[in-house]
Amino acid sequence: PVSRENFKSDMYMLLELYRGRAAYDIDFKEGGSTFVSEPDQVVKKRHVINCEHMNDAFAIHFSHSHIKKLYLLGAHPLDISNQTMAGLPENRRKAIKVIMNDYRDQ
């Protein structure tokens, strides 16, 4: 069973949004528009954003594991040396800021 104890921070917030999706008019289906997306769906490659996808997304879930996945895909926006570094909180914050700035610039 899913409970508050199983989630922390943004994960719990997304769970609450999912549970209240009808009230918030959010579509959570994968691949649809106006949905909660993941970084590897909006970052095409380093510093290149899929703006159409980003424009339709209600939210981007920048989880530690998804930020690490960007590193494995060669799309992580920071100059880091390994996957572990990609997931560190300070690098995660920096990476999110760079991705959002890249989006604004494009």
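Biologist: Let's start with N91. Why is N91 called buried?

Modeller: Its relative accessible area is 8%, and buried means under 20%, with exposed over 50% and partly exposed in between (1.4 Å probe, protein chains only). So 8% puts N91 in the buried class. Before we go on, this is a predicted model, where local features need pLDDT of at least 70, side-chain atom pairs count only at pLDDT 80 or more, and totals for chains, interfaces and linings use all residues. Residues are numbered from 1 along each chain as its sequence is written, and side-chain values use heavy atoms, with hydrogens and water left out.

Biologist: What does N91 touch, not counting residues up to four places away in sequence?

Modeller: L78, I80, M85 and A86; contact here means heavy atoms within 4.5 Å. A polar atom of the N91 side chain also lies 2.7 Å from the backbone oxygen of M85. A polar contact is a pair of N or O atoms within 3.5 Å (within protein, one must be able to donate a hydrogen and the other to accept it, and residues adjacent in sequence count only if both atoms are side-chain atoms).

Biologist: N91 sits in helix α7, residues 89-105. How do you know that the buried residues of α7 line one face?

Modeller: The buried ones are N91, R92, A95, I99 and D102. Seen down the axis of α7, they fall within an arc of 100 degrees, so they line one face of the helix. That arc is taken from the directions from the helix axis to the C-beta atoms. On the other side, R93, K97, R104 and D105 are exposed. As background, an α-helix has 3.6 residues a turn, so residues three or four places apart point the same way.

Biologist: And how does the span of α7 compare with the expected one?

Modeller: α7 has 17 residues and reaches 24 Å from first C-alpha to last, close to the 24 Å expected at 1.5 Å a residue. The expected span is 1.5 Å times one less than the number of residues. Helices (H or I, at least four residues) and strands (E, at least two) are DSSP runs, numbered from the N terminus.

Biologist: What makes K69 and D40 a salt bridge?

Modeller: Their side chains meet at 3.0 Å, N to O, and the definition asks for a side-chain nitrogen of Lys or Arg within 4 Å of a carboxyl oxygen of Asp or Glu. So the pair qualifies. K69 is in helix α5 (residues 64-72) and D40 in helix α3 (residues 39-42), 29 residues apart. K69 is partly exposed at 35%, and D40 is partly exposed at 22%.

Biologist: How many salt bridges does a search of the whole structure find?

Modeller: 2. R46 pairs with D79, the closest N and O atoms being 2.6 Å apart. R46 is in the loop between β2 (43-45) and β3 (48-49), while D79 is in the loop between α5 and α6 (83-87), 33 residues apart. R46 is partly exposed at 33%, whereas D79 is exposed at 72%.

Biologist: What is the phi of H47?

Modeller: Near 65 degrees, a positive value in a residue other than glycine. Most residues other than glycine have a negative phi. H47 is in the loop between β2 and β3.
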